[in-house]
Amino acid sequence: MSFGGPGGAAANAKPSPPERGSFPLDHDGECKDVMMSYLSCIKRVKGLNDQECRLQAKEYLSCRMDRNLMAKDEFKNLGFGDEKEKGKAAVVPKKEEERELLGDFLDHMLSMAYPTAAMESGLIAIALVIRSRDGPRFVFHYPPHPDTKTSRRRGLYGTELDESDSEDDTPQVDNSDLDDGNHPAHKSHKPTDLSDSIVESKDHVESIEGDGHYDDRSGEHVVPWEHLFDFQTTDLEMILTPSKVYHKKRFELSLDPLYFVSCPMHIRPDGLWNKKKLKKSKKPKATDSETVMSSKSKSVQSVGNDKSGTATPAETVSEDGDDHGGMTMFNVVFILNVPKDEADERIATIYDHVIKKLNKALKHGQASANYVWKESEMILSMKEKAREERRPMSWLWSEILLKSTLAATIRDVFTSISNNKIATFRIGSKPPEDISLQIPVPSFLVSIPTFAERAVPGLLLTTANPYVDEEGVEDPSYINKHFALLLLDDESKIISEIQADDTELSAPLIECIRICKPTLSFLQVAQAHSIEIGSLLILANHLMQYRRAVAIPPLHPREIYIVSPNCDNRKLPIASIAWKKAFPLAPSLPSFLATLSLVPRPYKIHAPSKDHRPTYLDMLAWLIRGGWVTQLRTFAWILVWPEIIYEVEYQLRADAIEKAKKGVKSHNGSSESTGSTDESGPDRGSDVDHSAPLTTEQVAENARLERLASKVAKQAAEEAAEFSKMPKPEATDHPSKNKAEHLKGIAPYIIKDPHKVSHEESLYIAALGKRFTEVKANECWARFVKYFNGTEALEMIALRENMKRKETWGVVMCYQEHLLVCRHW
């Protein structure tokens with residue numbers, strides 16, 4: 001209906017075409033990479049009209065015009081004036097700097113093989129409680145205002161990638177790191193800057209109510225740091241200082257929904273924190289009189305000790321001679337908020353790897369330098385002074401973190417562990433010691449998580465476990481020497497970080513990084529550089545423990561690699577940008593992954609020539625580092641065909657019949673001499689009269705033996721007759737194709753584990769070894785059998801046996817008829 005006209009009249013307005021022509025959809029995604037780059041820029045600047053984003057928008061429109069996806073026009077008509085000149089004059093330096101920071105961030109985010117964002121520790125606070133002559137005291141806790149809501153998003157399970165049901169619908173891309181140019185690369189290896197942490201905590205505290213003092217209705221002074229969650233600290237200090245029964249043991253308290261977990265440390269009855277080691281002195285052997293005198297003096301001394309041993313711990317001193325102020329115990333408590341169905345596993349993990357080690361380290365500092373008591377005394381005095389002056393909690397906590405190294409340590413541990421990073425700090429012992437703590441995170445997945453298991457998208461999916469020793473036992477301190485080292489970040493960046501650490505291991509670690517390549521096993525590197533393999537494995541294990549590298553099977557162009565089912569497709573747009581930056585001349589990341597997904601084939605086929613193989617191996621290392629690609633490995637079991645089974649059974653029956661015949665003959669011979677042997681003995685000997693008639697018992701025994709002998713002989717004859725009817729086994733060139741009548745009732749048999757075989761299975765393996773006519777295949781059969789257990793990849797045989805791959809696969813192909821083969825990661 002037209003406005004102001006009669007109802008029902010036809011409208012005279014003519015539809016006008018778009019001013020800039022049609023704007024069709026980009027179905028083929030020809031300009032998708034540029035579009036995603038522009039959207040990332042808009043998100044980074046939070047929707048502002050930034051010059052860099054304008055240039056990317058201009059690049060996107062240019063891409064569409066070049067591909068006939070919109071009508072061509074001058075940019076000045078599209079709202080872009082002299083952008084090019086302005087950009088050159090003022091924006092290009094900033095743009096290059098931001099792109100460099102963006103590229104470094106993308107490289108790190110996509111190269112990390114530890115997607116720790118999906119692994120939440122559940123830690124929400126850490127508290128320090130002590131007991132002294134004045135009773136229990138709640139010393140310090142961090143953060144000052146803990147938040148009980150630890151999880152911002154719904155956990156993913158199985159192969160889920162959709163987070164639409166979570167509270168925060170956008171993926172956690174760590175835009176804060178992108179904005180300020182900070183990279184999360186191994187920040188956990190060094191304690192965070194104290195001033196930065198204080199500013200962050202200060203801002204956090206000021207935004208929360210309850211930071212200042214106030215008087216309640218009854219006029220009582222309410223102090224903000226004397227409340228934690230909904231509990232009074234006076235109540236918490238009583239229940240968090242357990243008795244000596246829990247000394248160096250796991251103490252766990254549940255106040256729904258919170259879990260308080262700790263490892264309390266108590267002083268010894270002699271007033272010391274550590275047991276003194278007695279120095280053994282060499283003394284000459286004492287005479288009898290000296291022995292008697294020494295025993296008397298010891299008894300007198302023990303009586304004196306009993307009388308003087310009633311001294312309280314408060315009257316004793318620590319090892320360095322400083323008064324410990326009567327502190328009898330301390331307890332660093334970790335407060336967790338985890339789902340009930342995961343509580344047992346998570347609490348056990350954080351206790352074993354963090355809580356117990358931290359308390360033991362503080363105990364060592366207390367024993368050697370009175371560290372915990374001195375720091376606690378200083379914190380308590382600062383709190384008492386701030387209470388009198390009615391200082392706000394944010395100000396007090398900033399002062400405590402500036403002056404107390406123990407409080408800063410608690411802060412660093414909380415910040416790192418809550419973000420699932422490595423916490424590194426220094427304990428004020430004599431001499432000071434550097435401690436590193438972390439919750440171990442897996443470097444790979446053996447199988448795809450089920451719908452009941454937590455998803456870890458982007459983690460490397462493989463069954464190649466470098467921690468399994470030669471006997472098949474998993475040992476975290478062991479590394480397979482036939483694996484290779486793959487760095488999780490840029491080599492120069494890791495080397496610069498190690499140089500900044502400046503420790504005794506810095507030089508060896510840098511040399512290890514420089515000589516180890518993902519294409520060479522540790523054993524090959526050690527042999528090429530004349531290095532002891534044990535030392536090289538120790539250095540590699542150090543890099544792996546600090547999340548700077550992982551161990552993988554050596555990369556080789558002859559192996560087959562496929563797109564990982566566990567890859568994180570949410571990162572594909574931003575990964576494409578990093579891929580283009582790292583390999584500008586390579587195909588785009590989506591097209592290269594699509595090529596790998598077509599048909600499983602050797603990786604060398606994807607390289608245009610041999611000269612391109614090193615670059616393509618670098619591309620492969622990049623993809624494996626980001627969890628995009630995994631190796632397709634080959635596994636096999638020994639398959640015994642009916643022809644072999646029949647041959648072994650035929651031989652076993654022949655041996656049994658021959659043994660039965662010998663048994664019948666020996667039985668007949670023994671029965672003939674039964675009468676004489678029964679009458680023989682020490683009393684009768686040569687006086688036995690063989691012509692005398694047999695007794696009734698002897699006649700009955702002889703009759704029984706004759707019946708048994710005839711029965712055995714009859715059974716042996718029947719078995720021999722039945723055996724004579726069986727056709728003799730004939731060895732054919734291809735047992736799998738033998739369709740003889742006598743083999744139809746026999747099913748093929750699979751030997752699951754050649755390490756644990758029965759007698760028949762060992763005969764099957766021996767019979768198979770005799771079938772191979774080629775000399776090399778016959779010689780290698782006994783050595784290769786152990787790899788056909790379904791868990792050892794056939795690709796590793798060449799490395800383990802120190803053979804060439806072509807030669808190894810040639811031998812394995814001789815066995816292919818007798819192997820049941822499958823392929824997976």
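## The second largest pocket

The second largest pocket holds about 1200 Å³ of space. The model described here is a predicted one. A total of 40 residues line this pocket, and those nearest its centre are Ile-422, Gln-438, His-542, Gln-545 and Tyr-546. Sorted by class, the lining of the second largest pocket comprises 20 nonpolar, 11 polar and nine charged residues.

Several elements take part in this lining. At least two residues each come from helix 8 (343-369), helix 12 (491-501), helix 13 (506-515) and helix 15 (533-545), among the elements that contribute to the second largest pocket. Strand 11 (423-427), strand 12 (433-437) and strand 14 (549-552) are also included, again with at least two residues each. Strand 12 gives the largest share of the lining, namely four residues.

## The chain as a whole

The chain contains 25 helices and 18 strands. It has 825 residues, and 41% of these count as buried.

How far apart in sequence are the residues that touch? Taking contacts between residues at least 6 apart in sequence, 72% join residues at least 24 apart.

## Cavities

Searching the whole structure gives three cavities of 30 Å³ or more. The largest cavity has a volume of about 90 Å³. Its lining consists of Leu-460, Thr-462, Ala-464, Ile-552, Pro-553, Leu-555, Tyr-561, Ile-624, Thr-630, Gln-631 and Arg-633. Seven of the residues lining the largest cavity are nonpolar, three are polar and one is charged. Which element gives the most to this lining? Strand 16 (residues 629-640) does, with three residues.

The second largest cavity contains about 50 Å³ of space. Around it are Pro-553, Pro-554, Glu-559, Gln-631, Arg-633, Glu-795, Met-796, Leu-799 and Arg-805. By class, this lining has four nonpolar residues, one polar residue and four charged residues.

## Salt bridges

There are 21 salt bridges in the structure. One of them joins Arg-390 to Asp-215, with 2.9 Å between the closest N and O atoms. Arg-390 is in the loop between helix 9 (371-389) and helix 10 (393-403), while Asp-215 is in strand 3 (residues 214-215), so this pair ties together parts that are 175 residues apart in sequence. Arg-390 counts as partly exposed because its relative accessibility is 39%. Asp-215 is likewise partly exposed, at 43% relative accessibility.

Another salt bridge links Arg-771 and Glu-643, whose closest N and O atoms are 2.8 Å apart. Arg-771 sits in the loop between helix 22 (759-769) and helix 23 (775-784), and Glu-643 sits in helix 19 (residues 642-672), so the pair ties together parts that are 128 residues apart in sequence. Are these two residues buried or exposed? Both Arg-771 and Glu-643 are buried.

Arg-346 forms a salt bridge with Glu-342, and the closest N and O atoms of this pair lie 2.6 Å apart. The relative accessible area of Arg-346 is 18%, so Arg-346 is buried, the cut-off for buried being under 20%. Glu-342 also counts as buried, at 13% relative accessibility.

Salt bridges can also join into a network. Glu-497, Asp-501 and Arg-548 are linked in this way.

Where is Pro-729 found? Pro-729 is in the loop between helix 21 (696-725) and strand 17 (749-751). With a relative accessible area of 29%, Pro-729 is partly exposed, a class that lies between the buried limit of under 20% and the exposed limit of over 50%.

Leaving out residues up to four places away in sequence, Pro-729 touches Tyr-646, Glu-647 and Tyr-650. His-742 is 13 residues away from Pro-729 along the chain, and the C-alpha atoms of the two are separated by 9.6 Å.

Technical notes
Residues numbered from 1 in each chain as written. Predicted model: local features only at pLDDT ≥ 70, side-chain atom pairs only at ≥ 80, totals over all residues. Heavy atoms only, no water. Buried < 20%, exposed > 50% of the residue type's maximum accessible area, 1.4 Å probe, protein only. Contact = heavy atoms within 4.5 Å. 1 Å grid on protein atoms, 1.4 Å probe; cavity = no way out; pocket = protein on both sides within 12 Å on 5 of 7 lines; lining within 4 Å. Points joined across faces, edges and corners; volume = space filled by probe spheres on them. Nonpolar A, V, L, I, M, F, W, Y, C, P; charged D, E, K, R; others polar. Salt bridge = Lys/Arg side-chain N within 4 Å of Asp/Glu carboxyl O.
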